[in-house]
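Let's read this model together, one feature at a time. Have the sequence and the 3D view open as we go.

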Amino acid sequence: MWAYILRRVLATIPVMAVVALFVFSLLYLAPGDPAAVIAGDQATPDDVERIRASLGLDRPYLVRFGAWVGDIMSGDLGTSIFTNLPVSTMIAQRVEPTLSLCLLTLVLAVSIAVPMGVVAAWKQGTLVDRAVMGFAVLGFSVPVFVVGYLLAYVFALELDWLPVQGYTPFREGFFPWLENLILPSIALGGVYIALIARITRATMLEVLGQDYIRTARAKGANQAGILFVHALKNAAVPIVTVIGIGLALLIGGAVVTESVFAIPGLGRLTVDAILRRDYPVIQGVVLLFSFVYVLVNLLIDLLYTLFDPRIRY
Amino acid sequence: MDRRTFIGAGAALAATGIAAPALSQGANARTLRFVPQANLANFDPIWGTQYVVRNAAVLVWDTLYGIDDKLVPQRQMVEGEEVSSDGRTWTFRLREGLRFHDNEPVRARDVVASLTRWMARDPMGLMIRAIQQELVAVDDRTFRWVLSRPYPKMLYALGKNNAPMAFVMPERIARTDPFQQITEHIGSGPCRFVRNEWVPGARAVFQRFDGYVPRQEAPNWLAGGKRMMVDRVEWAIMPDPATASSALQNGEVDWWENALTDLVPLLRRNRNVQVDIADPLGNIGAFRLNHLHPPFNDVRARRAILMAMSQEDYMRALVGSDEALWKRLPGFFTPGTPLYNEEGGEVISGPRNMDAARALLRESGYANQPVTVLAAQDQPITKAQGDVTVDLLRRLGMNVDFVATDWGTVGQRRAMKNPPSAGGWNIFFSWHAGADCTNPAAYTAIRANGDGAWFGWPNIPAVEQKVTEWFEAPDLEAEKAAMRGLNRAALENVVYVPTGFFLGYQAWRRNVSGVVKGPIPFAWGVSKS
């Protein structure tokens with residue numbers, strides 16, 4: 001097992017290298033000029049050229065790539081072209097809000113979606129099943145920002161229970177932290193809940209038709225035990241896989257959610273950086289995201305062994 | 001459903017019918033929470049000339065002079081000045097008691113270093129530098145500027161609000177290459193920049209500087225006493241206007257710099273929110289024609305556009321049906337300012353003549369070659385102008401290659417002088433703050449000096465002649481005469497196409513007082529109850 005984990009961790013290095021090359025090349029080829037953005041709309045062409053030179057953007061591709069890789073190898077993600085702040089500092093400023101948003105969404109989604117899917121499978125064909133599946137369709141169909149505006153209208157402006165926007169760091173207290181994140185998490189969680197609920201239902205339906213479930217029933221096991229101990233554990237592998245894959249949805253959705261609720265997270269940092277062509281920040285954030293994906297996949301693979309003892313690495 | 005309807009509907013969803021006041025949540029009367037027009041992505045007002053940087057910079061750095069609401073420069077850091085009888089030597093004396101935020105006194109050598117850095121980046125500064133013989137500190141509070149010939153607009157240059165403004169920094173910071181960003185944010189303005197609370201894209205904080213000694217005169221734009229009535233000014237960056245609107249209604253922020261026109265009816269229904277024009281100098285919409293390549297290298301093709309275009313179409317696309325927010329602009333300068341004139345403006349204010357425009361276009365030799373139109377879709381103002389222009393060009397019978405992209409791409413491509421077929425362009429869109437268009441001093445877009453001109457590179461000696469006449473004008477009447485000639489020459493040769501004059505709104509909570517209309521959201525004098 002430990003050898004497997006080590007192998008997988010080491011395998012992230014070539015993956016990251018490919019990602020780095022790909023991201024750098026794409027940004028190099030993409031149109032756009034940070035010097036023009038920095039110089040402002042009223043700048044003269046000469047100003048833009050001087051700024052481009054001062055940023056080193058007039059250097060050849062290989063020189064720039066080599067310098068960047070050299071910095072990365074020494075643990076330096078570079079400095080933002082615009083803010084003049086280290087990219088690592090900018091990422092550090094933004095990690096907590098995004099992590100908080102994603103974790104709370106994940107917890108909410110799993111704790112709502114898995115029971116929903118299980119119950120829908122148990123009550124297959126009934127009104128309950130149809131209601132759950134109807135909710136799932138709605139969750140897939142309604143964009144995050146529409147849900148966000150609706151929630152803000154009802155719970156912030158109409159009822160005045162929660163704030164419209166912003167983020168309070170966890171160190172300032174659990175409830176202030178939670179207060180700012182409830183609405184965004186629900187808005188962001190809609191798609192995720194729908195996805196997990198549907199997969200849970202489908203997998204549970206398959207498992208509930210197995211012989212050992214019939215045997216458990218014949219032996220007099222209670223319904224909850226059958227559903228949540230015998231069936232759910234055996235249905236867990238695909239569900240866990242979907243939860244992991246769904247992290248991609250979360251990070252994508254976080255961009256919109258962070259904008260709607262003015263949360264200073266990594267999603268907004270990425271979008272701002274892309275619009276301004278702040279290359280070091282884009283490269284740093286994409287590398288971070290790819291690293292997180294690799295780790296999440298590793299974590300999921302390891303979780304398989306918990307739910308299915310037949311799996312060995 | 002178009003953008004305006006959609007945003008309006010979204011915001012209405014988020015707030016319509018909420019007549020009941022939302023209580024401010026933990027609002028602190030000593031903290032002013034402000035939503036700026038854009039993200040403060042960098043903070044060097046010489047290196048980065050975006051308006052949002054300038055607006056933040058006026059809190060942190062002070063200037064020698066500052067314009068008032070009559071656009072007249074008034075003394076600010078300066079106690080007095082003397083000019084020699086030949087107009088070539090200026091001697092300035094600083095006020096007593098000026099201190100930087102690190103408690104070091106402001107000395108003349110700081111001013112000299114700051115002006116030297118500013119001159120390298122500012123159009124007026126460059127003109128002064130070209131005739132400068134000497135700029136030296138005479139003693140701690142006195143500096144002298146010797147020129148090879150008189151420069152009548154000296155005080156205006158030092159007090160203007162156009163970016164880059166002539167801010168004063170400590171010498172060690174001002175010695176930074178003007179094309180490199182500063183790393184320290186020490187000024188002598190009314191607020192300190194709280195760097196460790198700066199989260200670019202989210203938040204910027206300014207703390208009142210107790211060592212600031214305001215002038216005794218009443219505040220008037222950049223002139224007079226800059227008295228901070230609150231301890232902190234917190235900028236909250238909100239990219240989504242609907243969120244900013246809801247936050248203002250909910251009392252989570254106090255002041256929104258650029259309330260979206262579509263959301264103004266909603267804000268007006270909230271009795272805790274006040275809405276008013278933000279900047280009486282407004283903005284001038286513009287599309288730039290590339291003077292280097294066909295068809296717009298021929299003045300007849302450019303004139304055809306002026307004859308056919310309807311400013312009303314552009315303005316309605318920009319600001320909707322609110323008639324108070326726009327007016328036709330038969331010229332290039334800001335309405336309501338001393339030098340405004342409509343000389344030669346009949347081509348815009350007269351009846352539209354599409355047939356004559358088509359005939360003139362044919363006469364120019366236009367042969368259906370593609371016209372490359374760049375429009376940044378992530379900027380609503382440029383997007384709207386792009387949509388209207390594409391329709392106009394098609395009605396004129398032109399073959400349009402509409403490149404709808406983002407601002408980062410437009411910013412790069414507009415600098416290319418290649419033919420449109422080789423990565424260049426024919427038309428792109430912009431807008432100019434009215435404060436920049438009151439005269440030619442900071443109005444780069446009106447210049448027509450070929451390679452030295454703004455993108456599009458017009459080369460029209462008649463326009464440049466009038467600009468020079470304005471700079472050298474000894475009195476207001478001479479300035480007015482030069483400006484009339486300039487407006488006519490610029491229209492006859494179509495330096496660019498003005499699409500109209502438009503205003504924008506700002507909004508604030510009713511417990512906030514002291515908000516003034518101006519080209520910058522001036523935080524001094526603003527208080528909360």
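Q: Where do domain bounds come from, and which domains does chain A have?
A: Domain bounds come from an automatic or database domain assignment. For chain A, that assignment gives domain 1 (32-76) and domain 2 (88-307). Their C-alpha centres lie 38 Å apart. This is a predicted model: local features need pLDDT of at least 70, side-chain atom pairs count only at pLDDT 80 or more, and totals for chains, interfaces and linings use all residues. Residues are numbered from 1 along each chain as its sequence is written, while chains are lettered from A and ligands numbered from 1 in the order in which they are written.

Q: How many residues of domain 1 of chain A are in contact with domain 2 of chain A?
A: Two residues are in contact if their C-beta atoms, placed from the backbone, lie within 7 Å. Here five residues of domain 1 of chain A meet five residues of domain 2 of chain A.

Q: What is the secondary structure of chain A?
A: Helices (H or I, at least four residues) and strands (E, at least two) are DSSP runs, numbered from the N terminus. Chain A has 12 helices and zero strands.
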